[in-house]
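Subject: Structure handover

Hello,

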Amino acid sequence: MGPSHDIQVLMGEVRIGRGEDVLRATLGSCVGIGLMWRARGLYGPAHCLLPEAPNPTFAIGAKYVTQAVPSLLALMRADRARRSEIEAVIAGGGNMMPHQPPARHGLIGVANAAMAQSLMAETGIPIVHVEVGGEIGRQLTIHCAHHTFHVRTIGTHGAAAAPTSPAL
């Protein structure tokens, strides 16, 4: 087994990993959507800033949740018949400025997380873990070789960070 390849998934990015790849997205109000297709050994996180594009876009990317989900499915070549084999994890969507009033459309993190969950339901991809909201950041890590994911909290206002690492 070779060394792992650490891949940082930055804001607005969607990436695909396999083998020894370790995929990481550090999230605040952004939402991370991790798709895991264990049967194919194929994994893909998206780091989404906003819930919905003002105009439909077919470009590969993850600025918007509505862009990220089709982008991940296209990059994974996941046709409708096989989508039930894929599992999703959703993390992030925190309120990173708790002392400011919400924008006119509400809290962006809440809207991001709600859109991600709605699109997973529409695509028929089961969600195996959701860790969103609050006034904290999170880091979503997917270990491709071990078929596991891990969500770590960041900035818990004095509380100890509590990592989770459910097996897929």
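Below is what turned up, topic by topic.

This is a predicted model, so local features need pLDDT of at least 70 and side-chain atom pairs count only at pLDDT 80 or more, while totals for chains, interfaces and linings use all residues. Residues are numbered from 1 along each chain as its sequence is written, and side-chain values use heavy atoms, with hydrogens and water left out.

Cysteines. There are zero disulfides in the structure, a disulfide being a pair of cysteine sulfur atoms within 2.5 Å. For Cys48, the nearest cysteine sulfur belongs to Cys30, 7.9 Å away. Cys48 is buried, at 0% relative accessible area. Cys144 is buried too, at 2%. The classes are: buried under 20% relative accessible area, exposed over 50%, partly exposed in between (1.4 Å probe, protein chains only).

Second largest pocket. It holds about 170 Å³ of space. A pocket is found on a 1 Å grid over the protein atoms alone, as an open set of points where a 1.4 Å probe fits, with protein on both sides within 12 Å along at least five of seven lines; lining residues have an atom within 4 Å of a point. Grid points are joined across faces, edges and corners, and the volume is the space filled by probe spheres set on the points. The lining includes Glu52, Phe58, Ile60, Gln67 and Ser71. It splits into six nonpolar, four polar and one charged residue. Here Ala, Val, Leu, Ile, Met, Phe, Trp, Tyr, Cys and Pro count as nonpolar, Asp, Glu, Lys and Arg as charged, and the others, Gly among them, as polar.

Charge over a ring. The charged end of Arg40 sits over the Trp37 ring, 4.6 Å from the ring centre. The test is NZ of Lys or CZ of Arg within 6 Å of the ring centre and within 35 degrees of the ring normal.

Loops. Most residues other than glycine have a negative phi. Arg77 has a positive phi of about 55°. Arg77 lies in the loop between α1 (65-76) and β5 (87-92), and is exposed at 69%. Helices (H or I, at least four residues) and strands (E, at least two) are DSSP runs, numbered from the N terminus. His147 also has a positive phi, about 60°. His147 is in the loop between β7 and β8, and is partly exposed at 29%. His146 is in the loop between β7 (137-143) and β8 (148-154), and is exposed at 53%. His146 and Arg38 are 108 residues apart in sequence, yet 9.8 Å apart in space, C-alpha to C-alpha.

Best wishes
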